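Trainee: I have this one open and would like to go through it with you. Can we start with the loops and work inward?

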Amino acid sequence: MDKSTVASENPLASKFSRGDTAYGTLIFSSDPAHTEIVGMAGYDFVVIDTEHAHLNAASVLAHTRAAEAVGCTALVRMRGSDPADIGRMLDAGVRGIVLPHVGLDIEATKKAIAALRYAPAGARPTCSGVRAANYGLSNFGSYAERNNAEVLSIGLIEDLDVVENIDQVLEECRLDAVIPGPGDLATSMNVPGQLEHPDVVAAVTRVVTAAKAKEIKVGVYVVSDANLEMWTALGVDFFLVSIDYRILANAYSSKLQELTAVSVP
């Protein structure tokens, strides 16, 4: 095979371009088997969490390789908006960046978004020998072109102040997609942990509606089937389904309840 022309497709970007609904989950575990299982189960993407989970660059690399092996898109949730950190994650092969607290500092957000793409579309630093560019075995110009076309900048809308100025934020920060963060929104609205609180749902709905009006892809975080019909009717493009640890914990808890219900006379 001529390695000079090898460039892989971003499955999630392809789904977005076709208008298909996509499904993914947050990964907190350092074990790449979690990403393999998610991909084998049919999910389209994983968000490797470096903000709240104890994951480092080596963990991200392992999860990225696992995602590629099962045809799943690897995204990384950053713990900040440092362009240098974003570049390192992209060099490892992730296909998109999820930025926390987008819009609180619009200039910082704009610099972070620029770090995803090479000039003239952005300001990503160039190194042709990184894993994402097949360690220099591929034509770097082809890789850079595909990266600029398919890399995904996804912003988490997590603060009430941003929700109240959402139209301005989306106009100035040219994101590929947004996800309202109900957990942080609930805390900023003084109802911590109440993701289904009417005020939180209203804030999430406001973000969804604003993003759809600007033809920006939008996803929602869900832990249950509550409001799924409403999100679907509003045209949500993708669902971020809970956290791997939460799903595992709930599965073990449910299984134990089943077992004890049968075994106890």
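**Backbone, burial and packing**

Trainee: Where is the place of His101?

Mentor: His101 sits in the loop between β4 (96-99) and α5. Helices (H or I, at least four residues) and strands (E, at least two) are DSSP runs, numbered from the N terminus. Keep in mind that this is a predicted model, in which local features need pLDDT of at least 70 and side-chain atom pairs count only at pLDDT 80 or more, while totals for chains, interfaces and linings use all residues. Residues are numbered from 1 along each chain as its sequence is written, and side-chain values use heavy atoms, with hydrogens and water left out.

Trainee: What is phi of His101?

Mentor: Phi is near 50° for His101, a positive value in a residue other than glycine.

Trainee: And is His101 buried, partly exposed or exposed?

Mentor: His101 counts as partly exposed, because its relative accessibility is 26%. Buried means under 20% relative accessible area, exposed over 50%, and partly exposed in between, with a 1.4 Å probe and protein chains only.

Trainee: Which phi does Asn190 have?

Mentor: Asn190 has a positive phi of about 65°, although it is not a glycine. Asn190 is in the loop between α9 (182-188) and α10. With a relative accessible area of 67%, Asn190 is exposed.

Trainee: Which residues does the cis peptide bond join?

Mentor: Ala119 and Pro120, with omega at about 5°. Pro120 lies in the loop between α5 (106-114) and α6 (140-150).

Trainee: Let's step back. How many helices and strands does the protein chain have?

Mentor: There are twelve helices and eight strands in the protein chain. Its radius of gyration is 19 Å, close to the 18 Å that the globule rule gives for 265 residues, so the chain is as compact as a globular protein of that length. That radius is taken over C-alpha atoms, and the rule is 2.2 Å times the number of residues to the power 0.38.

Trainee: What box do the C-alpha atoms fill?

Mentor: Roughly 65 × 45 × 35 Å, taken along the principal axes.

Trainee: How many of the 265 residues count as buried?

Mentor: 47% of them. As for contacts in the protein chain with a separation of 6 or more, residues 24 or more positions apart account for 63%. Contact means heavy atoms within 4.5 Å.

Trainee: Core next. Which residues touch the most other members of the largest nonpolar core?

Mentor: Ile86, Ile97, Val178 and Trp231, out of 71 residues. The largest share of this core, eight residues, comes from helix α10 (residues 198-213). A nonpolar core here is a set of buried Ala, Val, Leu, Ile, Met, Phe, Trp, Tyr and Cys residues joined through side-chain atoms within 4.5 Å. A second, separate core has seven residues, including Ala133, Phe140, Tyr143 and Ala144.

Trainee: Which residues does Val178 touch?

Mentor: Leaving out residues up to four places away in sequence, the residues that Val178 touches include Ile154, Gly155, Leu170, Val207, Val218 and Phe238.

Trainee: Gly155 came up there. Where is its place?

Mentor: Gly155 is in strand β5. Its relative accessible area is 0%, so Gly155 is buried. Beyond its neighbours within four places in sequence, Gly155 is in contact with Leu99, Val102, Leu175, Ala177, Val178 and Ile179. Phe140 is 15 residues from Gly155 in sequence and 28 Å from it in space, C-alpha to C-alpha.

Trainee: In which strand is Ser153 found?

Mentor: Strand β5, residues 152-157. Ser153 counts as buried, at 0% relative accessibility. Among the residues it touches, not counting those up to four places away in sequence, are Ile97, Arg117, Arg174 and Asp176.

Trainee: And Ala74, buried or exposed?

Mentor: Ala74 counts as buried, at 3% relative accessibility. Its place is in strand β3 (residues 73-77). Val94 is 20 residues from Ala74 along the chain, and their C-alpha atoms are separated by 5.2 Å. Residues up to four places away in sequence aside, Ala74 touches Val46, Ile48, Thr64, Ala67, Val94, Arg95 and Gly96.

Trainee: Last one: where is Tyr252 found?

Mentor: Tyr252 is in helix α12 (residues 244-263). Tyr252 is exposed, with a relative accessible area of 62%. The C-alpha atoms of Tyr252 and Glu145 are separated by 45 Å, and the two residues are 107 apart along the chain.
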